Amino acid sequence: MSRKKGYVGEEIAINYLKSKNLKFICKNYYSKYGEIDIIFENLQYIIFVEVKMRKKNSLVSGLESISSKKQENIIKTAYVYLEKTKELKQPRFDIISIETDNKTDTRSIIHIENAFEAGGKSY
């Protein structure tokens, strides 16, 4: 995915999550293991979100494109964040998949809360 397309997807996801009354923390958090697209929180969780944007009818959906290795790197990066910030809230790993249709300029958003866990896939 191009960086410009990724930026657009992240902004869509940020606005969507803000509309759900979640508090925005940061975007594009990096560690030596990789990147977390966006981080939010609520009263109970610190929420690490992977954002995928795809065209309608793509061969691989945004959800299917997140390999177990990618999940592992997100989890490792989240642990770096938790250690550096001394955050005590329970971590949660969400996925937001955005499907676009360029012909009609419509977008659908699929938000899977707790999409995977430190022990492996759960969605």
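Close-up 1. Because Glu72 and Lys76 are four residues apart in helix H2 (residues 68-85), about one helical turn separates them. Helices (H or I, at least four residues) and strands (E, at least two) are DSSP runs, numbered from the N terminus.

**Close-up 2. The salt bridge between Glu41 and Lys23.** In the salt bridge that Glu41 forms with Lys23, the closest N and O atoms are 3.5 Å apart. Glu41 lies in strand S2 and Lys23 in strand S1, so the pair ties together parts that are 18 residues apart in sequence. Glu41 is buried, its relative accessible area being 12%.

**Close-up 3. Strands S1 and S2.** Strand S1 (residues 23-31) and strand S2 run antiparallel and are joined by seven bridges, and two strands are said to pair if DSSP finds at least two bridges between them. Within this pairing, Cys26 has Ile39 in S2 as its bridge partner.

Close-up 4. Leu43 is found in the loop between strand S2 (34-41) and strand S3 (45-55). With a relative accessibility of 86%, Leu43 counts as exposed. Although Leu43 and Lys23 are 20 residues apart in sequence, their C-alpha atoms are 9.3 Å apart in space.

**Close-up 5. Lys52 and Glu50.** A salt bridge, 3.5 Å from N to O, is where the side chains of Lys52 and Glu50 meet. Lys52 counts as buried at 14% relative accessibility, and Glu50 counts as buried at 3%. A search of the whole structure finds nine salt bridges.

**Notes to the views.** Residues are numbered from 1 along each chain as its sequence is written, and side-chain values use heavy atoms, with hydrogens and water left out. Since this is a predicted model, local features need pLDDT of at least 70 and side-chain atom pairs count only at pLDDT 80 or more, whereas totals for chains, interfaces and linings use all residues.

Technical notes:
Buried < 20%, exposed > 50% of the residue type's maximum accessible area, 1.4 Å probe, protein only. Salt bridge = Lys/Arg side-chain N within 4 Å of Asp/Glu carboxyl O.
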